[in-house]
Amino acid sequence: MSKLIDDLLKEHKKLFSLLDELHNIDKEGAKEKLFESKNLFLMHLDKEDRFLYSKFDEAKSKGVNVEENVLKFKEEMEEISKDVVNFFDTYKKGITDKIQFARDFGKIYGMLKIRMIKEETQLYPVYEKHFG
């Protein structure tokens, strides 16, 4: 396994560890965990853009046949990212309505979980096949 994919997988685990902590935290402790989670999420996206997607884009521009669904991952992630960043921005000053936070958190958690499973089972293996 390439170092890049190994690092990305570790970041997935770390992000979900932080989100799991956030799920069980009180209002006062949430602000710090939200900030930490947002920073890790944004760093992870930047790493995928710079090192993962750029390789696929480069390969495609050189005429390498890269699976079309792989190229759609980036577009899909851009949409998910907007929702996730909006969630973090909504609660950056803290949680005032715990029920609404639980709803929003559940939605974001589910979106990220599905997305990361897809990355780990579909995107990363294709990267390894072509560039690993």
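A charge sits over a ring if NZ of Lys or CZ of Arg is within 6 Å of the ring centre and within 35 degrees of the ring normal. Here, the charged end of Lys-118 sits over the ring of Phe-73, 5.9 Å from its centre. Lys-113, in turn, lies over the face of Phe-16, at 4.5 Å from the ring centre.

Before we go on, a word about the model. It is predicted, so local features need pLDDT of at least 70 and side-chain atom pairs count only at pLDDT 80 or more, while totals for chains, interfaces and linings use all residues. Residues are numbered from 1 along each chain as its sequence is written, and side-chain values use heavy atoms, with hydrogens and water left out.

**The overall picture**

The chain has 4 helices and 0 strands, and along the sequence this gives the pattern α-α-α-α. Helices (H or I, at least four residues) and strands (E, at least two) are DSSP runs, numbered from the N terminus. The C-alpha trace spans about 50 × 25 × 20 Å along its principal axes. Take contacts (heavy atoms within 4.5 Å) between residues at least 6 apart in sequence: 77% of them join residues at least 24 apart.

**The core**

Of the 132 residues in the chain, 37% are buried. Buried means under 20% relative accessible area, exposed over 50%, and partly exposed in between (1.4 Å probe, protein chains only). In soluble globular proteins, nonpolar side chains tend to be buried together. A nonpolar core is a set of buried Ala, Val, Leu, Ile, Met, Phe, Trp, Tyr and Cys residues joined through side-chain atoms within 4.5 Å.

The largest nonpolar core here has 37 residues, and those with the most contacts inside it include Phe-41, Leu-52 and Phe-101. Helix H1 (3-23), helix H2 (27-61), helix H3 (68-90) and helix H4 (98-131) each give two or more residues to this core. Which residues does Leu-52 touch, leaving aside its neighbours within four places in sequence? Leu-52 is in contact with Leu-4, Ile-5, Leu-8, Lys-47, Leu-123, Tyr-124 and Tyr-127.

**Rings in pairs**

Rings of Phe, Tyr and Trp (its six-membered ring) pair if their centres lie within 6.5 Å; planes under 30 degrees apart count as stacked, over 60 as edge-to-face and the rest as tilted.

| Pair | Centres apart | Angle of planes |
|---|---|---|
| Phe-105 and Tyr-109 | 5.7 Å | 35 degrees |
| Tyr-127 and Phe-131 | 5.2 Å | 50 degrees |

Phe-105 and Tyr-109 both lie in helix H4, 4 residues apart, about one turn of the helix. Phe-105 is buried at 5% relative accessibility, whereas Tyr-109 is partly exposed at 23%. Tyr-127 and Phe-131 are also 4 residues apart in helix H4. Tyr-127 is buried at 7%, and Phe-131 is partly exposed at 26%.

Ring pairs also link Phe-16, Phe-41, Phe-87, Phe-88, Tyr-91, Phe-101, Phe-105 and Tyr-109 into a cluster.

**An enclosed space**

On a 1 Å grid over the protein atoms alone, a cavity is a set of points where a 1.4 Å probe fits but cannot get out, and lining residues have an atom within 4 Å of a point. A search of the whole structure finds 1 cavity of 30 Å³ or more, and the largest cavity has a volume of about 40 Å³. Its lining includes His-12, Phe-41, His-44, Met-77, Arg-115 and Glu-119. Helices H2 and H4 each supply at least two residues of this lining.

Conventions. 1 Å grid on protein atoms, 1.4 Å probe; cavity = no way out; pocket = protein on both sides within 12 Å on 5 of 7 lines; lining within 4 Å. Points joined across faces, edges and corners; volume = space filled by probe spheres on them.
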